[in-house]
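Here is a brief report on a predicted model. Please look at the structure first.

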Amino acid sequence: MSDRRRLVFLVLPLLLSTTVVWAQPPTMLFHSPVAVKVSYKVTRKLKIKKKPNPEYTSEAKSGGIQGVVVLRVEFKADGTIGDIQTVRGLPRGLTEKAIEAARLIKFQPEMVNGQPTTKTLTVTYRFSLD
């Protein structure tokens, strides 16, 4: 066999295998994410200064509606109330009255590592005709 033919027999499989490798998607070198430890230290917990009671609507009173309204309230780092979502509501305007009262909550934001932070908490309002 000539030297030229030997070279083709040796180089051709090498070129083909390289082509196949290039056609495959790239392989991830790291299969697990690198864990970065971040330390969060609460230096002051969120403190509610004033939580106004909601008004009872006349429609709810006349209908004898009682129960609990549960809200998910965002206490923002700047000391204001952010997004409010209803988790469990009541009919005849009681949920809306609870949301109005939640918007009037006064608080000191939670401090983490000396910086004010936004925190979302569950707030409940009990409506009772007693």
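## A buried threonine

T95 has a relative accessible area of 10%, so this residue counts as buried, the cut-off being under 20%. T95 belongs to helix α3. Setting aside neighbours within four places in sequence, T95 contacts V69, T86, G89 and L90.

## The sheet

Three strands make up an open sheet. Their order is β4-β3-β8, and they pair in the antiparallel sense. The edges are held by β4 (81–88) and β8 (119–127). Each has a single partner strand, so one side of each lacks a neighbour in the sheet. On average, neighbouring strands are turned by 25 degrees against each other, direction ignored.

Strand β3 covers residues 67–75. Five bridges join β3 to β4, again antiparallel. V70 has R88, in β4, as its bridge partner. Helix α3 (residues 94–103) packs on this sheet. The helix touches β3, β4 and β8. Its direction makes about 150 degrees with that of β4.

## The nonpolar core

Nonpolar side chains tend to be buried together in soluble globular proteins. Here, the largest nonpolar core has 20 residues. The members that touch the most others are L71, V73, F75, Y125 and F127. Two or more core residues come from each of β3, β4, α3 and β8.

Which residues does Y125 touch, not counting those up to four places away in sequence? They are K51, P52, P54, G67, V68, V69, L71, A98, A101, A102 and I105.

Notes:
Residues are numbered from 1 along each chain as its sequence is written. This is a predicted model: local features need pLDDT of at least 70, side-chain atom pairs count only at pLDDT 80 or more; totals for chains, interfaces and linings use all residues. Side-chain values use heavy atoms; hydrogens and water are left out. Two strands pair if DSSP finds at least two bridges between them. Helices (H or I, at least four residues) and strands (E, at least two) are DSSP runs, numbered from the N terminus. Axes are lines fitted to C-alpha atoms, for helices over the stretch in contact, and angles run from 0 to 180 degrees between N-to-C directions. Contact means heavy atoms within 4.5 Å. A nonpolar core is a set of buried Ala, Val, Leu, Ile, Met, Phe, Trp, Tyr and Cys residues joined through side-chain atoms within 4.5 Å. Buried means under 20% relative accessible area, exposed over 50%, partly exposed in between (1.4 Å probe, protein chains only).
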